[in-house]
Structure formats: C-alpha cells, structure tokens
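Here are my notes on the model you sent over. Have it open while you read, and go through the points in order.

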Amino acid sequence: MSELLQHIYSRLYDRIPEIAELDKFAFKLQGKGYRSTTGLRLSGEEGKSPGAVVIYEDRPGVIKDFSGDSMSIWDYIQQQYNLSQSETYKKLAELAGVELPKRHLSPAQLERIKQQQRIGKLRED
C-alpha cells in the first residue's frame, strides 16, 4: 500500500462519524475502534444486535463484520458509487480531506503542449 493511501486511510479513520457513506452504521468510538450502534451488517442485512461492524484504529482501511465478513473501505466506497479505480482514489481522498498531488508532466509533454499553443496562436493571427 502506498504511503499516500495509508495517510488517506488514517485521515478517514479520524473522520468516520462524519462520513455520510457510513452513516447507516452510526459508528461510535469505543475502545480501539469505531463500532456500529445499529444492527446492520456489512451485507446490508439486519443483524440480531448492534455493534457487529467495526473499524479498528490499527487497520483503518478495513471494515470488519463479526458475522465473518470484512471489506476494505476502498471496495465499500467503490461499490457504493460504482467507481473506477482512479475515481475511488479521488473519492477517498476527498472524504479524508487529503489533497492529491498534481500529476507532473514530463519535459516532452510540456514541450508538446507549448508547441500546440504556439500553433494555435499562429492560426489565430
């Protein structure tokens, strides 16, 4: 896992109660993690008792369900919105309040852009 993704998961953990996509679990900080206060399971089914879904501080990128299921927050958000990999990355960063670094262009790419701009200006004249 990349350093940036680890940072995103860490920041997400700090914001779990504020993340609308997780509202249905009504997470509350208890001990070393956030525990659901609803009976809802990760599968979406109603369970017998509240607190079955947990996100632990030492594994902030994983949603654990005591019925045996677990899912990464990545997969959960991706499924909720039907997102591509890059869209999921951006959505997680947005939810975490983390600004993603801008993509850097290679010198050759920059030169091509400059040439296209020059050609466009010549055509306008």
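1. Where do K91 and E94 both lie, and how many residues apart? They sit in helix 3, three residues apart, which is about one turn of the helix. An α-helix has 3.6 residues a turn, so residues three or four places apart point the same way. The side chains of K91 and E94 meet in a salt bridge at 3.5 Å, N to O; by salt bridge I mean a side-chain nitrogen of Lys or Arg within 4 Å of a carboxyl oxygen of Asp or Glu.

2. Before going further, some ground rules. This is a predicted model, in which local features need pLDDT of at least 70 and side-chain atom pairs count only at pLDDT 80 or more, while totals for chains, interfaces and linings use all residues. Residues are numbered from 1 along each chain as its sequence is written, and side-chain values use heavy atoms, with hydrogens and water left out.

3. On confidence: the protein averages a pLDDT (the predictor's confidence in each residue, from 0 to 100) of 84, and 84% of the residues score at least 70. Strand 2 does best, with a mean of 95, and helix 4 (residues 107-124) is lowest, at 60. Where pLDDT is low, the predicted coordinates should not be read in detail.

4. The overall layout has four helices and five strands, in the order α-β-β-β-β-β-α-α-α from the N terminus. These are DSSP runs, numbered from the N terminus: helices are H or I with at least four residues, strands are E with at least two.

5. Back to K91, which has another partner. Its side chain also meets that of E21 in a salt bridge, at 3.7 Å, N to O. This pair links distant parts of the chain, 70 residues apart: E21 is in the loop between helix 1 (3-14) and strand 1 (28-30), K91 in helix 3 (residues 85-96).

6. The cut-offs are under 20% relative accessible area for buried, over 50% for exposed, and partly exposed in between (1.4 Å probe, protein chains only). E21 is buried too, like K91.

7. The whole-structure search finds three salt bridges, and one of them joins R41 to D65 at 3.4 Å, N to O. R41 lies in the loop between strand 2 (33-35) and strand 3 (53-56) and D65 in strand 4 (residues 62-65), so the pair ties together parts that are 24 residues apart in sequence. D65 counts as buried because its relative accessibility is 0%.

8. F66 is partly exposed, with a relative accessible area of 46%. Setting aside neighbours within four places in sequence, F66 is in contact (heavy atoms within 4.5 Å) with R35, G51, A52, V54 and Y56.

9. Helix 2 (residues 73-81) has I73, W74, Y76, I77 and Q78 as its buried residues. Their cover includes helix 1, strand 3, strand 4, strand 5 (70-72) and helix 3. Just after helix 2, N82 takes a positive phi of about 55°.

10. Finally, for the protein as a whole, buried residues make up 32% of the 125 residues.
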